[in-house]
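Here are my notes for you to read alongside the structure. Keep the viewer open and look up each residue as it comes up.

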Amino acid sequence: MSQITRALVLIFAFLAAIPARAEQTAEEPFGIALEGFPYPYPVRMFPIVQQGEALRMAYMDVAPKGEPNGRTVLLLHGRNFPSRYWQSLIETLAAAGYRVVAPDEIGFNKSSKPAFDLHFDQLARNTAALLDELKIDKVSVVGHSMGGMLTVRFTRMYPERVDRIVLDAPIGLEDYRLYVPQIPADRLLEMEDKVTPESYLNQLIKVYALTASPETLAPYVAARTRIKGSAEYPRWLRTFVNSAEMIWREPVVQEIPLLTQSVLFVEGENDHLAPGRDFAPDALRGKMGQNAELAKALAAKMPRARVEVFEGIGHLPHLEAPERFNELVLRFFDEAE
């Protein structure tokens, strides 16, 4: 049995195992706010009104399990992944005495899907408002993939609120506009609408170079594809395409060298993810996505930054090598300034 076939079997087993009300069947879709998709901790909602829309920002707020150390870690997710994927890191941090806040940004996962365009500045303001609501003044931040871009923008807007930063396989280490022409929204909508469990799993394995087991990947394939049966799926699809457009039009690479906090880049050796690469001219395509080298070049320009490269790992270090990643993050957060 091939890895992809095995994973698909596990995906359908995962779907069937999710508890359902008596009137539901396992084949019913997830909602576009991932209703029916389990998270490892209770999910709360923070109300926000923007551009006349009443929205709700989902988040997990996990108290320390060990002796509290008085510190809080903020986890900022990537574009393609529900915050469920933070479970191992949350458990490790909470056991070490940290409070952990893991929001789903507006437009993603269990949060509302607005009709308007998304912007990193607004996502950062939403995150700051949530921290205000929770009476949290300062955080250490772990940002994965697109969450790395948001981490940079959040820190630049609120430098006094951030003490340490882990950029976990971040995208945005280059300005994609220099390589990729603007992609028409209709083309993006068409592409994303064609995603199937098979094609998405193939993307995770080949494009994201993930080494995680099929058992580990199965829930995330289900989360991405089972929403297609929702009555609100067209709204989700439009918002998801909005997020791709945000990544293209709002680079942060110029801001990264301006970060004065201690910064740890964690890069997978095999992670060459570069959004829009398939649309770049042939002469430029091969130059994109040299993420480990880009991180090293940026770190060399920064006052307190370094890079850890995980050999043989792809775009999800915290999910592919959780023990190594968690230990590294704890050591980094515990270091004296």
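1. Start with helix 2 and helix 12, which pack with their axes 10 Å apart and at an angle of about 40°. Since an angle counts as roughly parallel under 35 degrees and roughly perpendicular from 65 to 115, helix 2 is therefore oblique to helix 12. Their crossing is right-handed. Keep in mind throughout that this is a predicted model.

2. Who does the touching here? On the helix 2 side you'll find Ser88, Leu89, Thr92 and Leu93. Helix 12 brings Pro322, Phe325, Asn326, Val329, Leu330 and Phe333. Sorted by class, the contact of helix 2 with helix 12 has seven nonpolar residues, three polar ones and no charged ones.

3. Next, the aromatic rings. The count for this model comes to 11 aromatic pairs. Take Tyr98 and Phe333: their ring centres are 6.1 Å apart and their planes sit at 50°, so this pair is tilted. Tyr98 is in the loop between helix 2 (87-95) and strand 4 (99-103), while Phe333 belongs to helix 12 (residues 322-334), so the pair ties together parts that are 235 residues apart in sequence. Are these two residues, Tyr98 and Phe333, buried or exposed? Both Tyr98 and Phe333 are buried.

4. Phe154 and Tyr158 give you another tilted pair, with 5.3 Å from centre to centre and 45° between the planes. Phe154 and Tyr158 are both buried too. For something beyond a simple pair, look at the cluster that ring pairs build from Phe81, Tyr85, Trp86, Tyr208 and Tyr220.

5. Helix 6 (residues 197-207) and helix 7 (residues 214-225) pack at an angle of about 130°, and their axes are 9 Å apart. That value makes helix 6 oblique to helix 7. The crossing of helix 6 and helix 7 is right-handed.

6. Now go through the residues of that contact. By class, the contact of helix 6 with helix 7 comes out as eight nonpolar residues, one polar and one charged.

7. Phi of Leu34 is near 55°, which is a positive value in a residue other than glycine. You'll find Leu34 in the loop between helix 1 (3-17) and strand 1 (44-50), and Leu34 is buried, at a relative accessible area of 5%. Phi of Ser145 is likewise positive, near 55°, and again the residue isn't glycine. Ser145 is in the loop between strand 5 (139-144) and helix 4 (146-157). With a relative accessibility of 7%, Ser145 counts as buried.

8. Last stop: Ala102, in strand 4. Ala102 has a relative accessible area of 2%, so it is buried. Which residues does Ala102 touch, leaving out those up to four places away in sequence? They are Tyr59, Met60, Leu75, Trp86 and Ile90. As for Glu133, it is 31 residues from Ala102 along the chain, and the C-alpha atoms of Ala102 and Glu133 are separated by 14 Å.

Key. Residues are numbered from 1 along each chain as its sequence is written. This is a predicted model: local features need pLDDT of at least 70, side-chain atom pairs count only at pLDDT 80 or more; totals for chains, interfaces and linings use all residues. Side-chain values use heavy atoms; hydrogens and water are left out. Axes are lines fitted to C-alpha atoms, for helices over the stretch in contact, and angles run from 0 to 180 degrees between N-to-C directions. Helices (H or I, at least four residues) and strands (E, at least two) are DSSP runs, numbered from the N terminus. Angles under 35 degrees count as roughly parallel, over 145 as roughly antiparallel, 65 to 115 as roughly perpendicular and the rest as oblique. A crossing is left-handed if the near helix is turned anticlockwise from the far one by less than a right angle, and right-handed if clockwise. Ala, Val, Leu, Ile, Met, Phe, Trp, Tyr, Cys and Pro count as nonpolar, Asp, Glu, Lys and Arg as charged, and the others, Gly among them, as polar. Rings of Phe, Tyr and Trp (its six-membered ring) pair if their centres lie within 6.5 Å; planes under 30 degrees apart count as stacked, over 60 as edge-to-face and the rest as tilted. Buried means under 20% relative accessible area, exposed over 50%, partly exposed in between (1.4 Å probe, protein chains only). Contact means heavy atoms within 4.5 Å.
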